[in-house]
Amino acid sequence: NHNLLVPADAAVAGFYISNANNEFYGNAASGGWTGYSFINFPAPIGLHQHVQMSPMERPLKKFYGNTAHSASYQWDLGACIYTGGLQEIKNGQLEYNVGRMDRNTKDFGVEKWMLFEQTRTYLCSIGIAHWGKRVEALGFAAHDILRGASLFGEAYMKDMVIDGKSSNPVGSRPGPTRGFEFYDTFVKTILDNVVFKNLEQTPHLTEQFGTYALVSMTHSDYFKPQGINAARNVRFENVWNNGRFGNYIRDTGASRYYNVMDYDGSLL
């Protein structure tokens, strides 16, 4: 929409963050397309558009103790916290692309991870969605969501709680819950000390479309997820009998070769 002063307002957020290299402590975001939007800027805009640097390559300085809730109700792939999109000046016009654009975070040329610490999310479609090369989430929790997290690149999640249905009497979302979804592309994920809880069977849906703690994307016939995902110290609390794993079965290489390295036998 060329009438918008800030085109990213088409995907409005409580916290609109153009430069992640700042400190964020104890904030609470409520509502919006997302609670926190880390937008990719390949170059500065406004009065600084001729400065030679790339804001989208800067990692978080500190993101600690923040919460987000009640966002992304209009889209089942929206998230409480979103890293993605692209906003840049083209032909003198500021434009925004809401798509899944990567960011390659560095600190003076050294590869760095986007680090989210002690983050709480609830009542969103997805807890956190990150489209980038590297991300870590430590002490992360998602309650009353459709999917706990969706992470791209090299991802590490430690001390995580995914709660499909809390005791909140009005906290349910329509649709099946997927605790965490592995990818069938070049994404590499490690889950460490994770609890999946309160995931109930959805008998009105066929099994492959139902509620599960762990699922995998299986659409690719080119990428085969062999040995790129690993987990340890995973616990399941109040998860229905066959609700630990569930995949959408397709006639693809990813569907046939899907696997996770169960480091300590806790997945079974």
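Is Asp 192 buried or exposed? At 4% relative accessibility, Asp 192 counts as buried; buried means under 20% relative accessible area, exposed over 50%, and partly exposed in between (1.4 Å probe, protein chains only).

Before we go on, this is a predicted model, where local features need pLDDT of at least 70, side-chain atom pairs count only at pLDDT 80 or more, and totals for chains, interfaces and linings use all residues. Residues are numbered from 1 along each chain as its sequence is written, and side-chain values use heavy atoms, leaving out hydrogens and water.

Now for the charged pairs. A salt bridge is a side-chain nitrogen of Lys or Arg within 4 Å of a carboxyl oxygen of Asp or Glu, and by this rule there are 10. Here are some of them:

| Pair | N to O distance |
|---|---|
| Arg 58 and Asp 107 | 3.3 Å |
| Glu 154 and Lys 188 | 3.7 Å |
| Asp 192 and Lys 158 | 3.5 Å |

(Strands, E, of at least two residues, and helices, H or I, of at least four, are DSSP runs numbered from the N terminus.) Through shared partners, salt bridges join Lys 158, Asp 192 and Arg 232 into one network. Lys 158 is partly exposed, at 27% relative accessibility.

Finally, look for the sulfur atoms. The whole structure holds 1 disulfide, meaning a pair of cysteine sulfur atoms within 2.5 Å. Cys 80 and Cys 124 form it, with their sulfur atoms 1.9 Å apart. The torsion about their S-S bond is about 85 degrees, so this disulfide is right-handed. Both Cys 80 and Cys 124 are buried.
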